[in-house]
Amino acid sequence: MPRLICGPMATLSHEAFRRSVERFGGCDEYFTEMINAPSLLNRGPFEQYYLLNGPSPEKIVWQLTGNRAGPLAEAAALVAERGGIGVDINMGCSAPQIYRTGAGIAWMTRPLEETREAVRAVRQALVPFPAMRLSVKCRLGDEDFTDGGFFAFTDMLADEGVQLITLHPRTRKEKSRGLPRHEYVEKLCLRYGGRLQVYLNGGVKDAGTLQAALAAAPDTDGVMIARAVAQKPWLFAELKHTRIIEGNAGVLTDPADDSTDGPRVGPTDGPLKIDCQQLALDFIADVEACQPPEFYRTRLQRFFAYYCDNFSFAHYFKTKMLNATSPDECRAQVLDYFARQSGDRYRTL
């Protein structure tokens with residue numbers, strides 16, 4: 001089976017979230033949320049929190065965004081000093097506020113030589129760190145993209161020493177609508193034939209969609225999942241369990257054992273059991289441990305906007321959590337919800 005990767009999500013792919021995923025056995029790689037290169041270099045009061053690399057530093061991929069080659073290269077050297085798997089340049093984010101600044105997918109619409117200079121600068125900055133992989137996350141391009149233009153872009157990446165391309169096979173304006181064109185992931189795999197790795201991103205949210213994606217791109221080296229993991233931090237464990245991978249780590253939580261401090265991970269062939277209340281409470285505590293107080297509310301809102309969709313009264317629960325103004329209020333709302341809806345507390349997969 002290809003590698004499983006937790007994708008970058010602004011205000012969410014931070015250490016507190018990674019702790020939630022890792023409690024269920026985790027995944028092979030964790031991409032950080034987008035780190036703005038100029039802001040990082042300015043050493044603002046909050047930039048240190050973007051550099052936290054727990055709970056599994058060896059699985060970290062640092063994703064950088066920016067609109068100029070110089071800051072991207074300087075930031076690449078800075079994060080590389082902290083170790084991990086590698087550095088990723090975001091050339092695929094289609095958020096209007098990112099695109100308008102010339103970052104994200106805007107790199108795919110610039111003259112090819114201008115983008116080449118940026119990739120080359122980052123690669124040269126990583127020369128003192130030979131163990132660090134250089135990767136690029138991209139899309140198909142703008143609405144008028146052509147195969148010729150797209151492959152000219154990826155050929156340039158390969159020529160400049162990029163070792164991995166993560167492709168979200170949609171255009172800039174398609175965002176997450178419609179089915180991603182996973183056949184383009186397979187085209188990249190066949191085009192480069194092991195010269196570089198290719199990861200598939202987009203449209204995978206459960207075992208069925210994973211199977212469909214792999215049918216379209218059977219040679220992909222990895223599958224990156226983002227929003228679906230935000231909703232279900234146990235998703236990687238669920239996918240491994242469903243596919244019955246040798247050495248699978250199942251999640252063992254005994255609903256009758258009140259001494260259990262959150263989910264415990266160990267080998268099992270039995271069902272996966274999850275204490276959804278404890279997961280929520282652990283996440284709140286981890287946000288307090290890993291984020292500055294100024295970020296508490298936005299980080300909690302971002303997570304619970306997805307997580308609450310798991311439950312019977314999702315809209316009610318989500319409204320309560322999004323309106324909560326502090327971690328303590330969030331905790332109170334979590335305990336109140338599961339006291340009222342005890343049938344939602346435990347989930348068996």
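What follows takes pockets, a cavity, a helix and some backbone angles in turn.

Modeller: This is a predicted model, where local features need pLDDT of at least 70, side-chain atom pairs count only at pLDDT 80 or more, and totals for chains, interfaces and linings use all residues. Residues are numbered from 1 along each chain as its sequence is written, and side-chain values use heavy atoms, with hydrogens and water left out.

Biologist: What makes a space a pocket, and what is the volume of the largest pocket?

Modeller: A 1 Å grid is laid over the protein atoms alone; a pocket is an open set of points with protein on both sides within 12 Å along at least five of seven lines, while a cavity is a set where a 1.4 Å probe fits but cannot get out. The largest pocket has a volume of about 1,000 Å³, a volume being the space filled by probe spheres set on the points, which are joined across faces, edges and corners.

Biologist: Which lining residues are the closest to its centre?

Modeller: Lining residues have an atom within 4 Å of a point. There are 40 for this pocket, and the closest to its centre are Arg139, His168, Ser176, Ala226 and Arg227. Helix α11 gives the largest share, three residues. Helices are DSSP runs of H or I with at least four residues, strands are runs of E with at least two, and both are numbered from the N terminus.

Biologist: How does that lining divide by class?

Modeller: Into 17 nonpolar, 15 polar and eight charged residues. Nonpolar covers Ala, Val, Leu, Ile, Met, Phe, Trp, Tyr, Cys and Pro; charged covers Asp, Glu, Lys and Arg; the others, Gly among them, are polar.

Biologist: And the largest cavity: what is its volume, and which residues line it?

Modeller: The search of the whole structure finds two cavities of 30 Å³ or more. The largest has a volume of about 50 Å³. Its lining is Ser13, His14, Glu15, Arg18, Thr32, Glu33, Tyr49, Tyr50 and Leu52. By class, that is three nonpolar, three polar and three charged.

Biologist: How do you know that the span of α14 agrees with its twelve residues?

Modeller: The expected span is 1.5 Å times one less than the number of residues. For the twelve residues of α14 that should be 16 Å, and the end C-alpha atoms are 16 Å apart, so the two agree.

Biologist: Why are the buried residues of α14 said to line one face?

Modeller: They fall within an arc of 160° seen down the axis, so they line one face of the helix. The arc is that of the directions from the helix axis to the C-beta atoms. Tyr296, Arg299 and Leu300 are among the buried residues of α14. Its buried residues pack against elements including α1, α3 and α11; contact means heavy atoms within 4.5 Å.

Biologist: Why is Ser20 called buried?

Modeller: Buried means under 20% relative accessible area, exposed over 50%, and partly exposed in between, with a 1.4 Å probe and protein chains only. Ser20 has 2%, so it counts as buried. This residue is in helix α1. Beyond its neighbours within four places in sequence, Ser20 contacts Pro233 and Phe283.

Biologist: Why do Thr11 and Arg43 get their accessibility labels?

Modeller: Thr11 is at 25%, so it counts as partly exposed. Arg43 is at 61%, so it is exposed. Thr11 lies in the loop between β1 and α1, Arg43 in the loop between α2 and α3.

Biologist: Which peptide bond is cis?

Modeller: The one from Gly54 to Pro55, with omega near -5°. Pro55 sits in the loop between α3 and β4.
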